[in-house]
Amino acid sequence: MADILTPEERQEHLIPLGDAGWGAVSDRDAIRKVYIFPNFIEAWGWMSRVAIWCEKWNHHPEWHNVYRTVDVTLATHDADGLTHLDLKLAKKMDALADASTAASYQSDISEPITCLCNLDERG
């Protein structure tokens, strides 16, 4: 099982992900981003490319696709929070979105990553 990120790891990795459009999920130790593509085909193609890496790493996102929008939440379920697997997958998702010449993405997350603590420490 993967280990929950330490406070130092959260400081180092989560703030840059926040700058890239990832946001904290308010009621759990997870991050979320909404990708918007030009059309359904581009969204589905990106999801297919991501799915290959998910299978390779045996780490799967919670995601929802409607037309050209893909809403992604990442957390490691068996660790009950964020681990290095989530960081790795978030970075890969961003890279695959950037690498697609037809796809663009943006975030509609209104809550930036502000809590660098473990879920149990939030009180």
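Me: What should I know before I start?

Reply: The model is predicted: local features need pLDDT of at least 70, side-chain atom pairs count only at pLDDT 80 or more, and totals for chains, interfaces and linings use all residues. Residues are numbered from 1 along each chain as its sequence is written, and side-chain values use heavy atoms, with hydrogens and water left out.

Me: Where is the kink in helix 1?

Reply: Take the bend at a residue as the angle between axes fitted to the seven residues ending there and the seven starting there. In helix 1 a kink of about 25° lies at His 13, shortly before the proline Pro 16. Just after this helix, Gly 21 takes a positive phi of about 105°.

Me: Which residues of helix 1 are buried?

Reply: Buried means under 20% relative accessible area, exposed over 50%, and partly exposed in between (1.4 Å probe, protein chains only). An α-helix has 3.6 residues a turn, so residues three or four places apart point the same way. In helix 1, Arg 10, His 13, Leu 14 and Leu 17 are buried. Contact means heavy atoms within 4.5 Å. The cover over these buried residues includes strand 2 and helix 3.

Me: Which residues touch the most other members of the largest nonpolar core?

Reply: In soluble globular proteins, nonpolar side chains tend to be buried together. A nonpolar core is a set of buried Ala, Val, Leu, Ile, Met, Phe, Trp, Tyr and Cys residues joined through side-chain atoms within 4.5 Å. The largest one here has 23 residues, and Trp 22, Ile 31, Tyr 35, Trp 46, Val 72, Leu 74 and Met 93 touch the most other members. At least two residues of this core come from each of helix 1 (7-19), strand 2 (31-36), helix 2, strand 4 and helix 3 (84-99).

Me: Is Val 50 buried or exposed?

Reply: Val 50 sits in helix 2. Its relative accessible area is 1%, so Val 50 is buried. Not counting residues up to four places away in sequence, Val 50 touches Trp 63, Leu 89, Met 93 and Leu 96.

Me: How many bridges pair strand 2 with strand 4?

Reply: Two strands pair if DSSP finds at least two bridges between them. Strand 2 and strand 4 are antiparallel, with six bridges. Ile 36 stands opposite Thr 69 in strand 4. Strand 1 (residues 23-24) also runs antiparallel to strand 2, with two bridges. A hairpin of six residues joins strand 1 to strand 2. Five of the six residues in strand 2 are buried.

Me: Which residues have a positive phi although they are not glycines?

Reply: Asn 58 has a positive phi of about 50°, and Tyr 67 has one of about 50° too. Asn 58 lies in the loop between helix 2 (40-57) and strand 3 (62-66). Its relative accessibility is 61%, so Asn 58 counts as exposed. Tyr 67 lies in the loop between strand 3 and strand 4 (69-74). At 52%, Tyr 67 counts as exposed.

Notes:
Helix = DSSP H or I, 4+ residues; strand = E, 2+ residues; numbered from the N terminus.
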